[in-house]
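Subject: Structure for you to look at

Hello,

Here is the structure I said I would pass on. Please open it first, then read the notes below with it in view.

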Amino acid sequence: MVSPTGALTFLRETTVDGFAAFPMVTVDPNGRYLRFTSAADAKIHSYAIGSNAELTALGPPVPGGSLPVNPGYTADGRFMYVSNEHGSNVSGFA
């Protein structure tokens with residue numbers, strides 16, 4: 001949790017499948033979903049963020065491209081993009 005001063009308060013630690021080999025995490029603009037790219041399996045893993053910071057998987061991971069990194073959302077949260085380091089391109093997701 002982030003206090004009004006900007007200080008952090010530890011809430012929990014959660015083990016999630018696929019979280020290895022330099023994952024890159026992003027949270028949508030509304031704070032409802034956490035997603036991460038994984039170099040280990042070249043997939044994007046998606047989780048709902050619960051009211052107590054618990055994470056619930058949103059189905060199986062999806063292919064993210066060739067070494068997906070740097071996930072980012074559009075300001076309205078409708079789309080997410082990842083850079084494909086080995087593909088020299090960008091993948092978009094709705």
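A residue is called buried when its relative accessible area is under 20%, exposed when that area is over 50%, and partly exposed in between. Please keep in mind that this is a predicted model.

**M80 and S91**

M80 has a relative accessibility of 4%, so M80 counts as buried. The residue belongs to strand 7, which covers residues 80-84. What does M80 touch, leaving aside its neighbours within four places in sequence? The contacts are T26, R35, I44, P71, G72, Y73, S91, G92 and F93. For T26 there is also a distance between C-alpha atoms: those of M80 and T26 are separated by 9.6 Å, while the two residues are 54 residues apart along the chain.

S91, one of the contacts of M80, is part of strand 8 (residues 89-93). Its relative accessibility is 17%, and because the limit for buried is under 20%, S91 counts as buried. Not counting residues up to four places away in sequence, S91 touches G64, G65, M80, Y81, V82 and N84. With N84 there is a polar contact as well, from side chain to side chain, at 2.8 Å.

**The aromatic pair**

How many aromatic pairs does a search of the whole structure find? The search finds 1. The pair is formed by the rings of F36 and Y47, whose centres are 6.2 Å apart and whose planes are at 10°, so the pair is stacked. The cut-off behind that word is an angle under 30 degrees between the planes. F36 sits in strand 2 and Y47 in strand 3, so the pair ties together parts that are 11 residues apart in sequence. F36 and Y47 are both buried.

**The two pockets**

The largest pocket holds about 340 Å³ of space. Its lining is made up of 12 residues, and R12, T14, L34, A53 and L55 are those nearest the centre of the pocket. Sorted by class, this lining has 9 nonpolar residues, 1 polar residue and 2 charged residues.

The second largest pocket has a volume of about 270 Å³. A total of 20 residues line the second largest pocket, with R35, S46, Y73, F93 and A94 nearest its centre. Strand 3 gives the most to the lining of the second largest pocket, with 3 residues. By class, the lining of the second largest pocket divides into 11 nonpolar, 5 polar and 4 charged residues.

**The loop between strand 4 and strand 5**

P60 lies in the loop between strand 4 (55-57) and strand 5 (62-63). Is P60 buried or exposed? The relative accessible area of P60 is 69%, so P60 is exposed. From C-alpha to C-alpha, P60 and D17 are 10.0 Å apart in space, and they are 43 residues apart in sequence.

G59 is found in the loop between strand 4 and strand 5 too. At a relative accessibility of 43%, G59 counts as partly exposed.

**Positive phi values**

L67 is not a glycine, yet L67 has a positive phi of about 60°. L67 lies in the loop between strand 5 and strand 6 (68-73). Its relative accessibility is 23%, so L67 counts as partly exposed.

N70, also a residue other than glycine, has a positive phi near 55°. Where does N70 lie? N70 is in strand 6. With 48% relative accessibility, N70 counts as partly exposed.

Regards

Note on methods: Residues are numbered from 1 along each chain as its sequence is written. This is a predicted model: local features need pLDDT of at least 70, side-chain atom pairs count only at pLDDT 80 or more; totals for chains, interfaces and linings use all residues. Side-chain values use heavy atoms; hydrogens and water are left out. Helices (H or I, at least four residues) and strands (E, at least two) are DSSP runs, numbered from the N terminus. Buried means under 20% relative accessible area, exposed over 50%, partly exposed in between (1.4 Å probe, protein chains only). A polar contact is a pair of N or O atoms within 3.5 Å; within protein, one must be able to donate a hydrogen and the other to accept it, and residues adjacent in sequence count only if both atoms are side-chain atoms. Contact means heavy atoms within 4.5 Å. On a 1 Å grid over the protein atoms alone, a cavity is a set of points where a 1.4 Å probe fits but cannot get out, and a pocket is an open set with protein on both sides within 12 Å along at least five of seven lines; lining residues have an atom within 4 Å of a point. Grid points are joined across faces, edges and corners, and a volume is the space filled by probe spheres set on the points. Ala, Val, Leu, Ile, Met, Phe, Trp, Tyr, Cys and Pro count as nonpolar, Asp, Glu, Lys and Arg as charged, and the others, Gly among them, as polar. Rings of Phe, Tyr and Trp (its six-membered ring) pair if their centres lie within 6.5 Å; planes under 30 degrees apart count as stacked, over 60 as edge-to-face and the rest as tilted.
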